[in-house]
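Open the model in your viewer and keep the selection panel at hand.

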Amino acid sequence: MQVQSMQFKARAGQKLADQRLQANLKKLSTKFVTARASAIEEIDFEATREALKERRNRGLETLDVWLEIFEREATRRGATVLFAESTQDAARLIAEIARKHDVKKVIKSKSMVTEELQLNKVLADMGVQSVETDLGEYILQINDNEPPSHIIAPVVHKDKDEVADLFARVHHKPRLTEIPAMTREAREMLRPQFLSADMGVTGGNFLVAETGSVAVVTNEGNEGMCTIMPRVHVAVTGIEKVLPTLEDLATAMRLLPRSATGQGTSNYFSLLTGTRAEGEVDGPDHMYFVLVDGGRSGLIGGAFQEMLRCIRCGACMNHCPVYQKIGGHAYGWVYPGPMGSVLTPSYVGLEKTLDLPQAATLCGECNRVCPVGIPISDLLRKLRERQVDRGLRPWQERAALAAWAFAARRPRLYAALSGLGSWALRRMGRDRGSISKLPFGGGWTDTREMPAPSGKTFRAMYRERRAPR
């Protein structure tokens, strides 16, 4: 997926004007947010979060050791472990696997890492058909390879009628409008693909070092068809996904489905270890792990290491007031929402993603719901600081901040200027009690009105409240 984050402002404006999208995005608050709120009441959320945070930190602090243990145990059970420094290296390795095994068709379970790799395009360029089998990803693939807009619900930006029209056009069948009938139609279209594929590609929610296993979580069961029927299975995931033990995995699974979809447990949970053993009736003849760095190791030991704890649940974007209004496509790369606004600059470069650290209100809702306690709003502030330090913000903005800092270091000057500003704003809104056009603040007043202040500064009101009565 090409990085298009530099067009964030233009895309966000388009999405805000899309009334159909606005209606579709309401599903985030009516479904995911309310479901999560109910699901976490079943457990001690704070204690479980703290336990998972500690376990994820333990894995990341000695990541190299756990990766070596994982490689040893996975190899001992018949799998081949390959490491890729870049996303291009990872795509090349998977292409080589397909070529080695004379693969003509690949079936895929949902994987955001393969979006980083642009794997479908790479396979298509070498003449290998790649079929998405997650329902949401399948819908997007047959819709001219549209990218996902959410890491858990990739097609959340579309409604039932849009999908019904798409199915009728692509499947050349009568238009259906009932969801059970539509999902059955998709199942009928996908079943032959499962039966004829040579290789299955999945992501990996977690890797377990002590057993050399990969955990794959879905609600549709397609991951099972992708891993036990083809003769070759390739699991692609980031190096940061490794957990030391099965006990760590159990802790993670108490929080992942609750945070993602508001379920106590996902419908399907696969823990896959090695190739098909003698006497087993299903499973692959060949199993590969492609573990992708793609910028992840650069975060180890730095200011943004905490972001590597992310378990890709999507809770931060479900609750984010910005994402709830613009959806995922405006962010311009694989990972949208608050987590993407940190990950994308970290992976592809701050200079290519100038707007993303600003694409947040810093309300802290993402921090509150994160199941591994990542202080996302603090990390966004750090990215903003780096932009200013590197001169990546517009000169007008930097000049304004410099002027504010000059005044803020001089209390008397600051008090005088703030008093003058408060008085001027009160005068501007004296007739209506609100300001409809604000100089240098059109980004706010172009779409909303600003309440006029009382004319008093904070300091003045504070002194009045503190004064003896």
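How much space lies in the largest pocket? About 1300 Å³. Here a pocket is an open set of points on a 1 Å grid over the protein atoms alone, where a 1.4 Å probe fits and protein lies on both sides within 12 Å along at least five of seven lines; lining residues have an atom within 4 Å of a point. Grid points are joined across faces, edges and corners, and a volume is the space filled by probe spheres set on the points.

Two notes on the basis of these values. This is a predicted model, in which local features need pLDDT of at least 70 and side-chain atom pairs count only at pLDDT 80 or more, while totals for chains, interfaces and linings use all residues. Residues are numbered from 1 along each chain as its sequence is written, and side-chain values use heavy atoms, with hydrogens and water left out.

**Largest pocket**

Select Asp134, Ile152, Ala153, Pro154 and Glu220, the closest to the pocket centre among its 49 lining residues. The lining divides into 23 nonpolar, 14 polar and 12 charged residues. In this scheme Ala, Val, Leu, Ile, Met, Phe, Trp, Tyr, Cys and Pro are nonpolar, Asp, Glu, Lys and Arg are charged, and the others, Gly among them, are polar.

Next, colour by domain: domain 1 (1–42 + 314–393), domain 2 (45–298) and domain 3 (410–466), with bounds from an automatic or database domain assignment. Domain 1 and domain 2 both give residues to the lining of the largest pocket, so it lies between them. The centres of domain 2 and domain 3, taken over C-alpha atoms, are 53 Å apart.

**Second largest pocket**

Move to Phe8, Lys9, Gln358, Gly443 and Arg448, which lie nearest the centre of the second largest pocket among its 26 lining residues. Helix H1 (8–16), helix H15 (323–326) and helix H21 (442–445) each give two or more residues to this lining; H1 gives the largest share, 5 residues. Helices (H or I, at least four residues) and strands (E, at least two) are DSSP runs, numbered from the N terminus. The space here is about 1000 Å³. Domain 1 and domain 3 both contribute to the lining, so this pocket lies between them.

**Rings**

Show the aromatic side chains. Rings of Phe, Tyr and Trp (its six-membered ring) pair if their centres lie within 6.5 Å, with planes under 30 degrees apart stacked, over 60 edge-to-face and the rest tilted. By this rule there are 8 aromatic pairs. In one of them, Phe70 and Phe289 have ring centres 4.9 Å apart and planes at 80°, so the pair is edge-to-face. Phe70 is in helix H5 (residues 63–76) and Phe289 in strand S10 (residues 286–292), so the pair ties together parts 219 residues apart in sequence. Phe8, Tyr323 and Tyr331 form one aromatic cluster.

Select Arg312 with Tyr335: Arg312 lies over the ring face, 4.8 Å from its centre. The criterion is NZ of Lys or CZ of Arg within 6 Å of the ring centre and within 35 degrees of the ring normal. Arg312 counts as buried at 11% relative accessibility.

Last, select His172, in the loop between H10 and H11. His172 also has a positive phi, about 55°, but counts as exposed at 70% relative accessibility.

Key. Buried < 20%, exposed > 50% of the residue type's maximum accessible area, 1.4 Å probe, protein only.
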